[in-house]
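Let's take a friendly walk through a protein model, piece by piece.

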Amino acid sequence: MSDRIQVVPEWALWGKEPNGLSYRVLRCSNGRLNSADFTQIMQHHSTGTHNHLPQVTLNWARDRAKNEQYIGLAVQRWAQERDHTGRKIAITRYCALPYSQLRGAVSYETIYHALSDWEPPADDAPAAVELPALSPEALAPRVDEYALGVAGLLLTLDPVHIVPSGKIPTYLERLRFLDVVAALLPYGLRTRLSAATWVSSTSQNRIRLAFTAHAGEDAQAVRWGATPSFADKWNTVAHRYADLLGDNAGTEERAADLIRGLAARREPMSFTADDARRSLELLNAQVRGPGRPAGTTQGDGADFVAAMEALHACRHAVAHVDRPTFISAVARLRQVQDAGFGADERRRLWETAVAAGLPCLPSSTRDDPELAELYEACLRLGHGPSLDLENVYRIENDLGVDLPLQLLQVMARLAVGDEPTRLAVAIRLGRDVMSLARRVDANALVRLAVSEEREDVLEVVLAELCRRSRDGHATPVAHALATHGYLAQPVERFYPGVNEQAGALRELLAAVFGGRLNRDQFAGIVRGGGPNSPRPALILAALSLYQGADARDLLVDFYLRGFLGAATPSYLSPDLRGVVDRALARHPSWPPPPMSRYEEAHDDGDDAQAGLRHKIKSFRPPWRSDHEPNP
C-alpha cells in the first residue's frame, strides 16, 4: 500500500458575515455536495460554540443519489471580525473526504494536520490533497485500558460523553485520543462515526463520542482517565469486544497488529445491533490464533480453525522474515483450501487474509512457487475453487487494481469455465487475447465493456465486435449493442473529444451495418428516451453514415420526441405538452424557412452530411491496424 493517499475533498466555510443575522454556508466547493447539503451536514452534527477555540469535530455524510459516503472533519476557530452586536464570530472549515477515493486507511489526526493550513481554492473547485496512510506503529503507544474501554462502550450504541475532571487536556490531546479510539474499531464504522473534542452541554447534539462539561441524559458518562466499568453490561457485545481488545493489545507490537487488522475492515458499517455483533465477529476472527479454543458457531469447525491458524502463522512468518515457518504454514493452508466452507466462513477467511496482506505480498523473484501457492490458497479459501467476474471485482476492490503479476497468473488458472472472466483476467495480464475474445458471445462482450471501467477492455471488445461483424456475424452484435446504448458511454469515458468518440462509434456502426445506415437503422440508433438515450457522439456517428434527406425529421420524431416523452411527463402540464407537440409538428403549408448560406452551398444538407462523414472518418481508432482502410 502506498504511504500517501490522494483524495479530492469537498469543502465548505460555515459562519456569518459581520452584519449577518445567522450562521450559514459562506462558500463551498462546486462538487457533488452543494450549499444545501453542507447546511444539512453542519446542522446535523452541530456541537454548539465553545468559549475556547479551536475545536475539532469528526463526522460523516452520505449522498444517497450518487451512492457516495464521506468522512468529514470540521475545525472551528475565531474569526478576526465581530458581528454587529460586538460578539465574536466562529468560522468553521469543513472538509468531506469521499470514502470511495480513500484507497487506504487514514487517521483523523493526519487529516487535521494536512488540512489545518489548507486554503480553499479561489475558484471554489475541489482540489486534490495527499494524506499520509494510517500508521499503526504511531497509534499503538497511545493505546491504554481507558481507550480500549471507550471503544467497547461505543458498541452499546448509546452516545459516550467524556467528562474531564481537574485539568482539561488540550483540544489536540483530545483529538489524538478520539483518533486512538476510532482506530480500535473496524474502519468501516467511520462512515457513521461522529466525535468531537468538545460539545456544549446545552446543545441538542447527535455526536456519538465527545468531550463535554456535563454528560447528556441519554449518554454514558465516563470520567476522563478512569477505566470504564462494564458491571451492568456483563457479557454483552460491548463487554466482550472490550475484553478481546484488552487480551490482544498487551504490547505496542500487538496493539499495532490489532490496529492494522481493524484498519483493513473497510466495508461501510453502521452503529446498529447487527453491525456491533459483526464488529465483534471481525475482531474475533482477526485475533483467534493457535492457542484460542474454538467455539461452536458456524465457522468454528475444525477445517475453519485450521485455516485461520495457518493464516495467522503466515502473517507472523512474514512479519518476522521466517521462511521455514512460512513454507510450513502455506502447506497447512493447501491441506484445507478445498474444504466445504460456507459463504460466511469464506468471507471471514478472505478478510483475515486481506487484513494480513497475504494475497498481495511482493515477490523478490519473478517466479516464487511458495508465494504462488499462498495466493492460490487465499483465493480458494475466500472465493472457492473457481472465480467469476464478481470475484475478480471484489479482489480488486479489496486489494487495489494493481494486483501482483503472480496473483493474476493464479487468478487466470482459477477462471475456468467462464469465458468472460478468463478474458478479463487475460487483459489485465497484458496477454494477446483476441483468440479468447472470439469465444465470448456478443452479449457477454458488450456487458464486459460496460461493467469494466478499463480502456484496455473496451478496445479489445470494440476490435472483436468489428471483426465479428465484418466476418458475417453482425446480427447478434447489433442486438447486443442496441441493448447497451451502442457502447456510447464507455467510449465517451475513455476518448478525449467528441470527434474521437464519434470516430470510434462510426467505425463500430459501419462494421455492424455494412458501411451505411438505412432509415430504420438510423431511427433505432437515435431513438431518445430511457436509460440508453443516444449520446451526442453517437448521434454524430449515425448522421455520418445516413444519407437520407429526412435526417432532420427523423431526429425530431425519434430522438427529440422520445426524449421529451421519457423526461417530461412529471412536470409538463397537458396544456404545455400540447404547446410542445404543436411546435414539433410539421406544417407543410408554411413557406419553408430561408436557407442558410451553408445549406445553399451544400445541396439541402446532403453535402453537409458528407462533410461530417469526412471529418469523422479522419479519426483512426487505436484498435484498428494501419493497413485497414477507413469505412
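What follows is a short tour of a predicted model, from its sheet to its cores, rings and helices.

## The sheet

Start with the strands. Nine of them make an open sheet with mixed pairing, and the order to trace is E3-E2-E6-E5-E4-E9-E10-E8-E11. Strand E3 (24–28) and E11 sit at the edges with a single partner strand each, so one side of each has no neighbour in the sheet. As a bit of background, strands of a sheet pair through backbone hydrogen bonds, either parallel or antiparallel.

You can find both kinds here. Strand E2 (residues 10–15) and strand E6 (residues 88–98) are antiparallel, paired over five bridges. Look for Leu 13, whose bridge partner in E6 is Arg 93. Strand E8 (residues 160–163) and E11, on the other hand, run parallel and are joined by four bridges. Here Val 163 has Arg 223 in E11 as its bridge partner.

Which residues of strand E11 (residues 220–223) are on its covered face, and which on its uncovered one? Gln 220 and Val 222 belong to the covered face, while Ala 221 and Arg 223 belong to the uncovered one.

## Helices on the sheet

In soluble globular proteins, nonpolar side chains tend to be buried together. The largest nonpolar core in this model has 75 residues, and those that touch the most other members are Leu 102, Phe 177, Leu 184, Leu 209 and Leu 245. Helix H5 (residues 171–183) gives this core its largest share, seven residues.

Zoom in on Leu 245: setting aside residues up to four places away in sequence, Leu 245 touches Leu 148, Ala 151, Leu 184, Leu 258, Leu 262 and Leu 283. Apart from this core there is another one, of 55 residues, including Ala 442, Ala 449, Val 461 and Ala 502.

## Rings that pair up

The model has nine aromatic pairs. Take Phe 38 and Tyr 94: their ring centres are 6.2 Å apart and their planes are at 75°, so the pair counts as edge-to-face. The two partners are 56 residues apart, with Phe 38 in helix H1 (residues 35–44) and Tyr 94 in strand E6, so to speak a link between distant parts of the chain.

## A helix pair and a buried Glu

Helix H13 (residues 389–399) and helix H15 (residues 419–428) pack at about 35°, and their axes are 9 Å apart. Leu 389, Val 392, Tyr 393 and Glu 396 of H13 meet Pro 420, Thr 421, Ala 424, Val 425 and Arg 428 of H15. Sorted by type, the residues of this contact are six nonpolar, one polar and two charged.

Finally, find Glu 351 in helix H11 (residues 343–355). Glu 351 counts as buried because its relative accessibility is 13%, and the cut-off for buried is under 20%. Beyond its neighbours within four places in sequence, Glu 351 contacts Arg 265, Glu 267, Arg 278, Leu 282 and Arg 394.

Terms used: Residues numbered from 1 in each chain as written. Predicted model: local features only at pLDDT ≥ 70, side-chain atom pairs only at ≥ 80, totals over all residues. Heavy atoms only, no water. Axes fitted to C-alpha atoms, helices over the stretch in contact; angles between N-to-C directions. Helix = DSSP H or I, 4+ residues; strand = E, 2+ residues; numbered from the N terminus. Contact = heavy atoms within 4.5 Å. Nonpolar A, V, L, I, M, F, W, Y, C, P; charged D, E, K, R; others polar. Core = buried A, V, L, I, M, F, W, Y, C linked by side-chain atoms within 4.5 Å. Buried < 20%, exposed > 50% of the residue type's maximum accessible area, 1.4 Å probe, protein only. Pairing = 2+ DSSP bridges. Phe/Tyr/Trp six-rings, centres within 6.5 Å; stacked < 30°, edge-to-face > 60°.
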